[in-house]
Amino acid sequence: MSNSSDSDYNFPVLTDDFSDKSSCSENLLSKLRKTNRILDKIVKFSLDQTHSIDEIIHECTEALCTTLEIERSGVWFYNEEKNELKAADIFLTKSADHHTGTVLKAENFPEYFTALSSKRAIVANDARTDP
């Protein structure tokens, strides 16, 4: 069995600097605190009975983008026949806009609907172009 040095492997970089474990831990703790604050806000918001389901969904899509540091998130619902998905809310981080009503039809996205019906995870780096 041969000895390999660390330089023989490529590791993904999760933070800017691994030389100081405390900075890595602080970064993780900071993200966890941020996530907990957002989750706390969502729970309190949803328990307040003055908010509609649409307002709660809007709050959740914004929270997802903030927590996961992503550009967009959405909540979609099937129609009764499960041959269409309708966007209850799509939130775009850069513009801070909410969009509703977009409809995806199974006939236009058969592979996507097949994956959804099989309850298989769908991993797509670019949802607009992923087959």
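Is tyrosine 112 buried, partly exposed or exposed? That was my opening look-up, and tyrosine 112 counts as partly exposed, at 34% relative accessibility. A reminder to myself before going on: this is a predicted model.

**Entry 1: aromatic rings**

Phenylalanine 113 counts as buried, because its relative accessibility is 7%, and buried means under 20%. I also found that Tyr112 and Phe113 share one aromatic cluster with Tyr78.

**Entry 2: the overall layout**

Next I stepped back to the whole chain. I found three helices and four strands, running α-α-β-β-β-β-α from the N terminus. The protein has 131 residues, and 17% of them count as buried. I looked up the accessible surface too: it comes to about 10700 Å², with 54% belonging to carbon and sulfur atoms. For contacts with a separation of 6 or more, I noted that 26% are between residues 24 or more positions apart.

**Entry 3: salt bridges**

How many salt bridges does the structure hold? I found four, and I wrote up three of them, listed here.

- Lysine 34 and glutamate 69 meet through their side chains at 3.8 Å, N to O. This pair links distant parts of the chain, 35 residues apart: lysine 34 sits in helix H1, and glutamate 69 in the loop between helix H2 (53–68) and S1. I have lysine 34 as partly exposed at 28% and glutamate 69 as exposed at 54% relative accessible area.
- Glutamate 84 bridges to lysine 105, with the closest N and O atoms 3.6 Å apart. Here too the pair links distant parts of the chain, 21 residues apart, with glutamate 84 in strand S2 and lysine 105 in strand S4 (residues 103–105). Both partners came out as partly exposed: glutamate 84 at 24% relative accessibility, lysine 105 at 35%.
- Aspartate 40 and lysine 44 form a salt bridge at 3.0 Å, N to O. Both lie in helix H1, four residues apart, which is about one turn of the helix. Aspartate 40 is partly exposed, with a relative accessible area of 37%, whereas lysine 44 counts as exposed at 55% relative accessibility.

**Entry 4: a nonpolar patch**

Which residues make the nonpolar surface patch of about 260 Å²? I found Leu28, Leu29 and Leu32 there. I followed up leucine 29, which lies in helix H1 (residues 21–47). Its relative accessible area is 36%, so leucine 29 is partly exposed.

**Entry 5: backbone angles**

I then turned to phi. Most residues other than glycine have a negative phi, so I wrote down the exceptions I came across. Lysine 82 is not a glycine, yet has a positive phi of about 60 degrees. I placed lysine 82 in the loop between strand S1 (72–78) and strand S2 (84–92). At 55% relative accessibility, lysine 82 counts as exposed, because exposed means over 50%. Alanine 96 is not a glycine either, and has a positive phi of about 55 degrees. I found alanine 96 in the loop between S2 and strand S3 (97–99).

**Entry 6: a distance across the chain**

Is isoleucine 53 exposed or buried? It counts as exposed, since its relative accessibility is 58%. How far are the C-alpha atoms of isoleucine 53 and alanine 88 separated? I noted 9.8 Å for these two residues, which are 35 residues apart along the chain.

Terms used:
Residues are numbered from 1 along each chain as its sequence is written. This is a predicted model: local features need pLDDT of at least 70, side-chain atom pairs count only at pLDDT 80 or more; totals for chains, interfaces and linings use all residues. Side-chain values use heavy atoms; hydrogens and water are left out. Helices (H or I, at least four residues) and strands (E, at least two) are DSSP runs, numbered from the N terminus. Buried means under 20% relative accessible area, exposed over 50%, partly exposed in between (1.4 Å probe, protein chains only). Patches are made of residues with over 30% relative accessible area and no salt bridge: like charges are joined within 9 Å, nonpolar side chains (Val, Leu, Ile, Met, Phe, Trp, Tyr) within 5 Å. Accessible areas come from the Shrake-Rupley method with a 1.4 Å probe; for residues, only the protein chains shown count as cover. Contact means heavy atoms within 4.5 Å. Rings of Phe, Tyr and Trp (its six-membered ring) pair if their centres lie within 6.5 Å; planes under 30 degrees apart count as stacked, over 60 as edge-to-face and the rest as tilted.
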